[in-house]
Amino acid sequence: MTEHRPLLMRANRLLGSALVEHNLVKFEDLEVANERVLELAGQGNYRQASVLGILAFEKKALREEDVLRTVMEEQGLGVVDLRHYDVPEEIRRELDLGMCWATWTVPYDTEEEFWFLATAYYLSPAVRAHWEKKFEGHPIIWHATTMEIIAEFLDRQQAERDFAATGQPVPRTGTRAPFSRASKPPFPPAPAT
């Protein structure tokens, strides 16, 4: 994951700016979260070095549901729940898990020339630019999802790789989500009319 640290830092910095720009978080809260990201990244804890995760689950300065609603309403993104999606083997096999953690984004399907990506970091221009460059020449269809869903998917991929390498099942310990929180539906309810 160390090779993805610059991408992780850029993705978080630009996501934080977008959160302020969309009035989802106060600048003062973002400054505190940015310091925490630097601290966690300095400790090598890249999984939790997430400005969105820190703001939503550690500092409780915003709700992830509000971020999802923003990308759905303002950017026109649909949502996807990877827990109920059969990601093709060839995509799972080729995933760079470190890159996925750094961007909180997962390619989950391809059809003809199109790539389908699920992300919790759509508001970060660095994330979109990175994946657009990776799949240069191929249109991308973006979908929003939660950090919890991305984390569960990536943990499952790592467990499958570990099992394939050792033949030993990997024991589960605690939550697989990057930040603990009570279990609840992953997507925001429709606004009341």
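**H4 packing.** I started with what the buried residues of H4 sit against: H1, H3, strand S4 (140-144) and helix H8 (147-166). Contact here is heavy atoms within 4.5 Å. Helices (H or I, at least four residues) and strands (E, at least two) are DSSP runs, numbered from the N terminus. I noted that this is a predicted model, where local features need pLDDT of at least 70, side-chain atom pairs count only at pLDDT 80 or more, and totals for chains, interfaces and linings use all residues. Residues are numbered from 1 along each chain as its sequence is written, and side-chain values use heavy atoms, with hydrogens and water left out.

**H4 itself.** I found Glu64, Glu65, Val67, Leu68, Arg69, Thr70 and Val71 buried in H4. Buried means under 20% relative accessible area, exposed over 50%, partly exposed in between (1.4 Å probe, protein chains only). Just past H4, I see Gly76 with a positive phi of about 75°.

**H1.** I checked the length of H1 (residues 5-21): 17 residues at 1.5 Å each should span 24 Å, and the end C-alpha atoms are 24 Å apart, so that agrees. The expected span is 1.5 Å times one less than the number of residues. Its buried residues include Leu7, Met9, Asn12 and Leu19, and H2 (27-42) and H7 (125-134) are among the helices covering the buried residues of H1.

**S2 and S3.** I looked at S2 (residues 105-111) next: five of its seven residues are buried, so S2 is largely enclosed by the rest of the structure. S2 runs antiparallel to S3 (residues 114-119), joined by six bridges; pairing takes at least two DSSP bridges. I traced Pro107 to its bridge partner Leu117 in S3. The two strands make a hairpin with two residues between them, and Glu112 in the turn has a positive phi of about 55°.
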